[in-house]
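Please keep the sequence and the three-dimensional view at hand while reading.

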Amino acid sequence: MICSTMEYDVAAIIRGYAQGYFLMADESNNLGWYGSKERTLIPLDERFRYPKSLQRVLNQERFTVAVNRDFLGVVAGCANRDKTWISPELEKIYWLLYQTGYAYSFETWQDDKLAGGILGIVIGGAFIGESMFFNISEGSKVAMVKLVERLRQRKFILFDAQMMNPHLARFGAYQVSGKEYEILLKLALSSPGKLI
């Protein structure tokens with residue numbers, strides 16, 4: 001459990017993620033560390049896929065991509081839903097991780113409007129996806145495709161999506177056991193990774 005004061009230990013938080021845990025708030029906004037017996041990964045190889053209809057959107061080049069152009073806007077977008085595990089306290093932690101070079105927002109824009117984005121934490125060659133959202137249809141899907149391209153170019157080892165859902169399954173997301181995840185995470189942490 002994270003202490004409720006606003007004094008956060010960045011090193012301790014990064015250690016938690018590096019050990020395979022992630023932060024979530026419960027329905028009462030109490031923040032805690034969670035783990036999972038199975039972990040969902042987005043493939044960074046030929047297993048990554050997406051619908052043909054999305055290829056048409058990509059071909060139209062309606063969206064531009066940016067990193068950290070509106071970090072707080074992406075955090076707010078990810079937290080803006082009926083049931084959210086991103087509490088105000090966790091938003092503050094993300095902001096601190098952003099300021100210390102660990103948290104990133106990978107964004108799509110349509111003209112001057114934030115279309116969608118993915119919030120994640122980068123440690124070594126691991127991108128730990130925390131959440132995603134969209135304001136404009138297809139905004140987050142295009143962000144996913146472009147983020148995978150970026151992670152491949154930058155030789156990332158791991159794109160951790162934490163928990164499976166039907167949306168991620170359409171991109172070829174797959175699950176690994178806790179043991180497999182541990183091995184991959186260890187490999188990723190010993191590899192340099194730079195998103196920008």
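K155 counts as exposed because its relative accessibility is 62%; buried means under 20% relative accessible area, exposed over 50% and partly exposed in between, with a 1.4 Å probe and protein chains only. The structure is a predicted model, in which local features need pLDDT of at least 70, side-chain atom pairs count only at pLDDT 80 or more, and totals for chains, interfaces and linings use all residues. Residues are numbered from 1 along each chain as its sequence is written, and side-chain values use heavy atoms, with hydrogens and water left out.

**Residues with positive phi**

- K155 has a positive phi of about 60 degrees although it is not a glycine.
- K155 is placed in the loop between α5 and β8; helices (H or I, at least four residues) and strands (E, at least two) are DSSP runs, numbered from the N terminus.
- E61, likewise a residue other than glycine, has a positive phi near 50 degrees.
- The loop between α2 and β4 (64-67) holds E61, which counts as exposed at 67% relative accessibility.

**Nonpolar cores**

- In soluble globular proteins, nonpolar side chains tend to be buried together.
- A nonpolar core is a set of buried Ala, Val, Leu, Ile, Met, Phe, Trp, Tyr and Cys residues joined through side-chain atoms within 4.5 Å.
- The largest such core has 30 residues, and those with the most contacts inside it are I42, F127, M144, L147, L151, F159 and L195.
- At least two residues of this core come from each of α2 (52-60), β5 (103-110), β6 (113-123), β7 (126-134), α5 (139-153) and β8 (158-162).
- The largest share, seven residues, is supplied by α5.
- Another core, of 29 residues, lies apart from this one and has Y8, V10, F71 and C78 among its members.

**Helix packing**

- Two packed helices are described by the angle between their axes and the distance between the axes.
- Axes are lines fitted to C-alpha atoms, for helices over the stretch in contact, and angles run from 0 to 180 degrees between N-to-C directions.
- α2 and α5 pack at an angle of about 80 degrees, and their axes are 10 Å apart.
- α2 is therefore roughly perpendicular to α5; angles under 35 degrees count as roughly parallel, over 145 as roughly antiparallel, 65 to 115 as roughly perpendicular and the rest as oblique.
- On the α2 side, L54, V57 and L58 meet K141, V142, V145 and K146 of α5.
- The contact of α2 with α5 has five nonpolar, no polar and two charged residues; Ala, Val, Leu, Ile, Met, Phe, Trp, Tyr, Cys and Pro count as nonpolar, Asp, Glu, Lys and Arg as charged, and the others, Gly among them, as polar.
- α1 and α4 have axes 11 Å apart and pack at an angle of about 100 degrees, and they are therefore roughly perpendicular to each other.
- Here V10, I13, I14 and Y17 in α1 meet I93, Y94, L96 and L97 in α4, a contact with eight nonpolar, no polar and no charged residues.
- In helix α3 (residues 71-79), the residues F71, V74, V75, G77, C78 and A79 are buried, and the buried residues of α3 pack against α4 (88-99), β5, β6 and β7.

**Aromatic rings**

- Rings of Phe, Tyr and Trp (its six-membered ring) pair if their centres lie within 6.5 Å; planes under 30 degrees apart count as stacked, over 60 as edge-to-face and the rest as tilted.
- By this rule there are seven aromatic pairs.
- F48 and Y50 form a tilted pair, 6.0 Å centre to centre and with 55 degrees between the planes.
- F48 and F171 form a stacked pair, because their ring centres are 5.8 Å apart and their planes lie at 20 degrees.
- This pair links distant parts of the chain, 123 residues apart: F48 is in the loop between β3 (38-41) and α2, and F171 in the loop between α6 (166-169) and β9 (174-177).
- Ring pairs link F48, Y50 and F171 into a cluster.
- F48 is buried, with a relative accessible area of 10%, and F171 is buried at 1%, whereas Y50 is partly exposed at 28%.

Notes: Contact = heavy atoms within 4.5 Å.
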